Amino acid sequence: MKIYRGSCHCRRVKFEIRSNNIFEDIYRCDCSLCLKKAIVMKAEHKSHFNLLEGAEQLSSYKWNKMIAEHFFCQNCGVYTHHKRRRDPQQICINFACLDDLAMPDDANIGLADGANHD
């Protein structure tokens, strides 16, 4: 597994994620929150995620069934990651927060049907 590092805009929140293929199984979600965030996510097992700095800078947002927990930096407002409702064993990171990594033009970005998730 390769380690990728990421951060929020002000760099007060820093994390790393381990992945065998960072470009595989990336997706957008069409639930009401994710539509407004308009981000591409990468899910990995929660054991592959490590918050390196800035835990005290994070605020969280829960809604609906209060299972998923979305984290964002209190200083710059950037959403960095969330604990998934669909699979609580996974963490999703905001792909755009990964440092020094660009989305390939030919990336296969899936769509999660969060709008109809019960």
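In the predicted model, Leu101 touches Tyr4, Ile22, Phe23 and Phe95, when residues up to four places away in sequence are not counted. Leu101 is located in the loop that runs between strand β9 (90-94) and strand β10 (109-112). The relative accessible area of Leu101 is 26%, so this residue is classed as partly exposed. Leu101 and Leu58 are 43 residues apart along the chain, and a distance of 23 Å separates their C-alpha atoms.

His70 belongs to strand β7, which spans residues 69-73. Because its relative accessibility is 7%, His70 counts as buried. The side chain of His70 is joined to that of Lys37 by a polar contact of 2.9 Å. Lys37 is also one of the residues in contact with His70 when neighbours within four places in sequence are set aside.

The cysteines were examined for disulfides. A disulfide is a covalent bond between the sulfur atoms of two cysteines. With a cut-off of 2.5 Å between the sulfur atoms, the count of disulfides is zero. For Cys8, the closest cysteine sulfur is that of Cys10, at 3.6 Å, which is too far for a bond. Cys31 likewise takes part in no disulfide, and the nearest cysteine sulfur, in Cys34, lies 3.7 Å away. Cys8 is buried because its relative accessibility is 3%, and Cys31, at 10% relative accessibility, also counts as buried.

Technical notes
Residues numbered from 1 in each chain as written. Predicted model: local features only at pLDDT ≥ 70, side-chain atom pairs only at ≥ 80, totals over all residues. Heavy atoms only, no water. Helix = DSSP H or I, 4+ residues; strand = E, 2+ residues; numbered from the N terminus. Buried < 20%, exposed > 50% of the residue type's maximum accessible area, 1.4 Å probe, protein only. Polar contact = N/O pair within 3.5 Å; in protein donor to acceptor, adjacent residues only side chain to side chain. Contact = heavy atoms within 4.5 Å.
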